[in-house]
Amino acid sequence: DSQDTTIIMELENVDGWLMKRGAINTSFKRRHFRLEKNILSYYVDDQTLKPQGAINILNADIRNETPGEEDGFELVCTGRIYVLRAESRDVADEWVQTLRMRKQILTTSSTTPDLNGNTEGEGKDVEAKLKEEVLLLRRECAKMKEKMVKARKEKDEAVAREQHLNKSLKIQEETDKGNVTLRAVRVWKDRCAAQEEKMKELKIKNAEMELEATGLKEAIAKLTGEQADFGYKIRQLEEENKALEKEQARLKTDLKEAEMTKVKLEAKMTQETLQLNKEKEEVEQKLNKTKSRVQLLSSMSAWCFSTEKPGAGEEAWKLEVVQLDAKTEKDFMTKEDAHIEYVIVDQDGSFMGQAARTPALKLNSAVYLRIGDKKKLETLYIMAQLKWRKEKKKMVKKSVVAWAYASLASLLMGTKGHNLEDIGLQVDDRPECCLQLYKKPVDFTRDPQLLVSLGSQRLTIRASASASE
């Protein structure tokens with residue numbers, strides 16, 4: 001047994017780099033493997049002390065190949081299959097041979113190391129073996145005592161036979177001296193001499209057995225002392241194990257408290273983030289309102305729409321919805337927050353000035369178009385979008401129901417009270433303009449071939465000069 005333990009302690013450590021397939025993420029990652037006794041541990045690199053995992057090769061089936069991996073091999077354990085891959089087939093075969101040899105050595109030995117490299121049940125095995133040796137020594141002592149008793153019995157029997165012969169000889173001499181021959185006496189003497197020699201041999205054997213028994217007693221005393229030392233070491237190991245278990249429980253408690261603190265801090269951080277985002281949105285809304293007001297003031301001299309009446313000295317046109325066909329009005333007026341939004345765009349669809357919308361469900365409300373550069377009259381277009389409120393995936397947006405556009409020049413050509421001959425337009429008395437409604441296009445276009453019309457649905461707008469107040 002001590003020889004088996006020495007073999008296990010003298011096993012060399014083997015280490016090297018292998019590719020390991022993950023259990024959840026099945027991609028291969030490079031890991032540093034180290035074989036110590038029966039434990040194959042793997043690390044992130046060759047400098048890390050704490051392993052990422054460990055495999056007991058005594059509980060693993062070592063297979064020389066794995067499906068789909070030319071340079072791979074497998075360690076099949078209970079609950080998991082470890083798939084490993086080497087740099088080449090030769091390196092993989094060398095690893096497999098090393099692991100199998102190590103497993104065979106440890107399996108044939110009488111002691112089995114545990115996951116920490118210590119001999120599993122080391123103290124208990126040694127104590128049992130000591131008890132067995134003491135029992136064997138006691139059995140041998142008992143056998144030797146039996147032999148000594150037997151020798152003494154034989155000695156007593158020989159003495160009794162000698163006495164009997166002496167008595168018989170004396171009787172024979174007294175009764176029949178003539179029949180006793182010299183040969184009989186010699187035979188008797190020879191027997192006595194043989195008996196004495198045998199007694200001497202038995203005495204020598206008895207002395208040897210007593211010496212051997214003394215040696216056995218000393219060996220038993222020595223083994224008993226070693227047994228007491230091993231018992232003391234076992235008790236020390238058990239106390240250390242209990243201390244480690246208490247420390248592990250304390251660390252688990254600390255880790256649980258830390259995780260709870262982390263969750264609380266994350267919840268607090270999330271709440272504060274939401275509050276900050278809310279405050280940010282409020283600031284942005286205020287900023288947008290301010291920007292809208294600034295843009296409105298800065299666009300007074302450009303083409304722009306507004307629901308406010310023009311101020312003193314401003315030139316503007318008043319736009320009103322005169323008629324909306326019955327079907328469109330029925331569909332449109334059932335929507336939430338239905339309104340019309342006006343905007344001026346150029347030939348490419350870019351916004352030119354401020355947009356304006358009618359109040360909800362009041363399509364015939366007046367919207368005022370302030371006059372900008374008249375020289376751009378022929379290159380600008382008025383675009384009207386019929387919109388309503390729509391919720392989609394918890395997001396509120398304004399969806400375009402219908403869309404119409406008209407040349408700004410054609411809309412304002414017949415407006416009374418304004419002379420447009422200086423830009424090459426003929427004055428025509430046409431106060432109303434009927435616009436075809438289309439579905440919302442992907443991109444702005446003025447080509448009717450690329451637009452999907454809504455049949456007979458129309459939007460009639462009246463443009464009239466608005467005097468400044």
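Predicted model: local features only at pLDDT ≥ 70, side-chain atom pairs only at ≥ 80, totals over all residues.

User: Is Ala-213 buried or exposed?

Analyst: The relative accessibility of Ala-213 is 19%. The cut-off for buried is under 20% relative accessible area. Ala-213 therefore counts as buried.

User: What distance separates the C-alpha atoms of Ala-213 and Met-144?

Analyst: Along the chain, Ala-213 and Met-144 are 69 residues apart.

User: Which helix gives the most to the negative patch?

Analyst: The negative surface patch is formed by Glu-162, Glu-196, Glu-197 and Glu-201. Glu-162 is found in helix α3, which covers residues 122–175. The helix that gives the most to this patch, with three residues, is α4.

User: Why does Glu-162 count as partly exposed rather than buried?

Analyst: Buried means under 20% relative accessible area and exposed means over 50%, with partly exposed in between. Glu-162 counts as partly exposed because its relative accessibility is 36%.

User: Now to the strands. How many bridges pair β1 and β2, and in which sense?

Analyst: Strand β1 spans residues 14–21, and a hairpin of six residues joins β1 to β2. One of the pairings sets Met-19 against Arg-30 in β2. The sense is antiparallel, and the number of bridges is eight.

User: And how many bridges join β2 to β3?

Analyst: Strands β2 and β3 run antiparallel. Leu-35 stands opposite Leu-40 in β3, and the hairpin of β2 and β3 has two residues between the strands. The number of bridges joining β2 to β3 is five.

User: What is the phi of Lys-37, and where does Lys-37 lie?

Analyst: Lys-37 is not a glycine, yet its phi is positive, at about 55°. As for its place, β2 covers 28–36 and β3 covers 39–43, and Lys-37 lies in the loop between β2 and β3.

Definitions and conventions:
Residues numbered from 1 in each chain as written. Heavy atoms only, no water. Patch = residues over 30% accessible without salt bridge, like charges linked within 9 Å, V, L, I, M, F, W, Y side chains within 5 Å. Areas by Shrake-Rupley, 256 points an atom, 1.4 Å probe, with all protein chains shown as cover. Salt bridge = Lys/Arg side-chain N within 4 Å of Asp/Glu carboxyl O. Lys, Arg positive; Asp, Glu negative; His and termini not counted. Charge placed at Lys NZ, Arg CZ, Asp CG, Glu CD. Helix = DSSP H or I, 4+ residues; strand = E, 2+ residues; numbered from the N terminus. Buried < 20%, exposed > 50% of the residue type's maximum accessible area, 1.4 Å probe, protein only. Pairing = 2+ DSSP bridges.
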